[in-house]
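Have a look at the sequence and the 3D view shown here, and keep both at hand while you read. We will walk through them together, one stop at a time.

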Amino acid sequence: MKLNSDNLNINLRHIRALQSIAEEGSFNAAALKLGVVPSALSDLIRQFEATVGSALFDRGARPPIMTPLARAFLEEVAPLLVGMDEAITRMRQTAGLELGSIAIGASPSAITELLAPELAAFLAARPMVKCLLHDDVAETLAQMVVAGQLDMAVAGRAFHSHDLRQCEIMRDEFGLACRSDDELAKRDVRLEDLRHRVLIGLTANSGSYQLLKRSKVPQELLETRINAHSTVAQLCMIRAGMGIALLPRNAVNLFNDPALRFVHIKDLRLSRRLYLLEPAKRPLSALADAFSRQLKSHIGRQSGAPEEAR
């Protein structure tokens with residue numbers, strides 16, 4: 001809709017002046033409320049009247065009385081003024097990080113030790129902010145960050161990374177995941193000891209599988225009969241006695257379950273790296289940027305934690 005150019009001569013200051021006089025009952029009281037001198041308030045009303053082409057006050061009365069035209073105008077714009085006040089308040093609250101939402105992706109094993117404590121502190125300071133936490137494999141999370149479905153993610157390195165900034169935040173040793181009552185939990189373990197055991201693997205699109213594939217793990221330990229889509233499913237099957245798995249330490253300790261045990265493998269020198277994945281081609285929202293800075297500050301306090309994007 002095209003605006004009438006004459007209407008542009010009336011701004012919010014004119015309307016607020018008229019509203020204040022109606023609420024306070026006099027020019028002097030309205031000027032005091034608005035923090036201006038009475039003559040400045042009178043000038044605003046005269047400008048308003050000149051643009052409208054009609055008087056807004058009967059100046060023959062003492063004090064001047066608002067005309068029916070002015071009262072009808074105020075009744076019509078009252079809902080708009082309330083809506084504008086509310087919209088400006090929401091905008092200021094959002095800019096001040098009091099309102100809004102943040103969407104974060106994470107590998108399940110990154111949640112308990114790293115993400116959850118920092119996110120809990122962040123949200124505790126902002127009780128009106130909403131949060132979505134989406135867990136999945138690294139490549140899926142990376143795609144969601146690029147597509148704008150997530151503000152950021154904490155996961156393994158994404159292979160297609162030209163649209164992402166990736167900052168290493170944690171290294172996590174690979175070892176054996178087994179039940180606490182498994183005989184392997186009670187002694188030194190080598191890869192050879194796993195050859196005749198049932199191993200539970202992850203699907204080929206997972207970061208952990210890709211890391212193991214590029215390592216010196218024998219191929220027969222990767223050709224697993226039982227496979228899971230997620231670490232959580234792996235842990236559930238291990239707990240049920242269906243087999244054992246090669247997993248990072250934090251993944252095994254995801255729930256601090258006493259029924260599960262992480263066991264160091266003497267001839268396996270392999271660590272998974274977790275990264276903070278952020279979009280490279282769009283700015284973060286104010287909330288997402290604040291949480292990113294908090295997370296990086298936490299990482300920076302950890303000894304030897306790299307802070308530069310790779």
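The paragraphs below visit a helix, a surface patch, a few salt bridges and some single residues.

Before we set off, please keep in mind that this is a predicted model.

Let us begin with helix H3, which covers residues 38-52. Just after H3 comes Gly-53, with a positive phi of about 85°.

One residue on that list deserves a second visit. Is Glu-49 buried or exposed? Its relative accessibility is 10%, and because buried means under 20%, Glu-49 counts as buried. Glu-49 forms a salt bridge with Arg-59, and the closest N and O atoms of the two are 2.9 Å apart. This pair links distant parts of the chain, 10 residues apart: Glu-49 belongs to helix H3, while Arg-59 is in the loop between strand S1 (57-58) and strand S2 (65-66). Arg-59, at 37% relative accessibility, counts as partly exposed.

Next, turn to the surface. Leu-12, Met-84, Ile-88 and Met-91 form a nonpolar patch there, and together they have about 350 Å² of accessible area. Which helix gives the largest share of this patch? Helix H4 (residues 68-95) does, with 3 residues. Ile-88 lies in H4, and its relative accessibility of 35% makes it partly exposed.

Leaving aside residues up to four places away in sequence, Met-128 touches Glu-98, Leu-99 and Gly-100. Arg-157 is 29 residues from Met-128 along the chain, and their C-alpha atoms are separated by 32 Å.

Back to salt bridges, then. How many does the structure hold? There are 21. One of them joins the side chains of Arg-171 and Glu-168, with 2.5 Å from N to O. Glu-168 is buried, at 1% relative accessibility. Another pairs Glu-183 with Arg-197, where the closest N and O atoms are 4.0 Å apart. Both residues lie in the loop between strand S6 (164-179) and strand S7 (200-202), so the pair ties together parts that are 14 residues apart in sequence. Glu-183 has 43% relative accessibility and is partly exposed; Arg-197, at 30%, is partly exposed too. Salt bridges that share partners join Asp-182, Glu-183, Arg-187, Asp-193 and Arg-197 into one network.

Our last stop is Leu-194, also in the loop between S6 and S7. Its relative accessible area is 0%, so Leu-194 is buried. What does Leu-194 touch, apart from residues up to four places away in sequence? Its contacts are Leu-176, Leu-184, Val-189, Leu-199, Leu-221, Ile-244, Leu-246 and Ile-265. Ala-70, by contrast, is 124 residues from Leu-194 in sequence, and the two are 87 Å apart in space, C-alpha to C-alpha.

Note on methods: Residues are numbered from 1 along each chain as its sequence is written. This is a predicted model: local features need pLDDT of at least 70, side-chain atom pairs count only at pLDDT 80 or more; totals for chains, interfaces and linings use all residues. Side-chain values use heavy atoms; hydrogens and water are left out. Patches are made of residues with over 30% relative accessible area and no salt bridge: like charges are joined within 9 Å, nonpolar side chains (Val, Leu, Ile, Met, Phe, Trp, Tyr) within 5 Å. Accessible areas come from the Shrake-Rupley method with a 1.4 Å probe; for residues, only the protein chains shown count as cover. Helices (H or I, at least four residues) and strands (E, at least two) are DSSP runs, numbered from the N terminus. Buried means under 20% relative accessible area, exposed over 50%, partly exposed in between (1.4 Å probe, protein chains only). The expected span of a helix is 1.5 Å times one less than its number of residues. Contact means heavy atoms within 4.5 Å.
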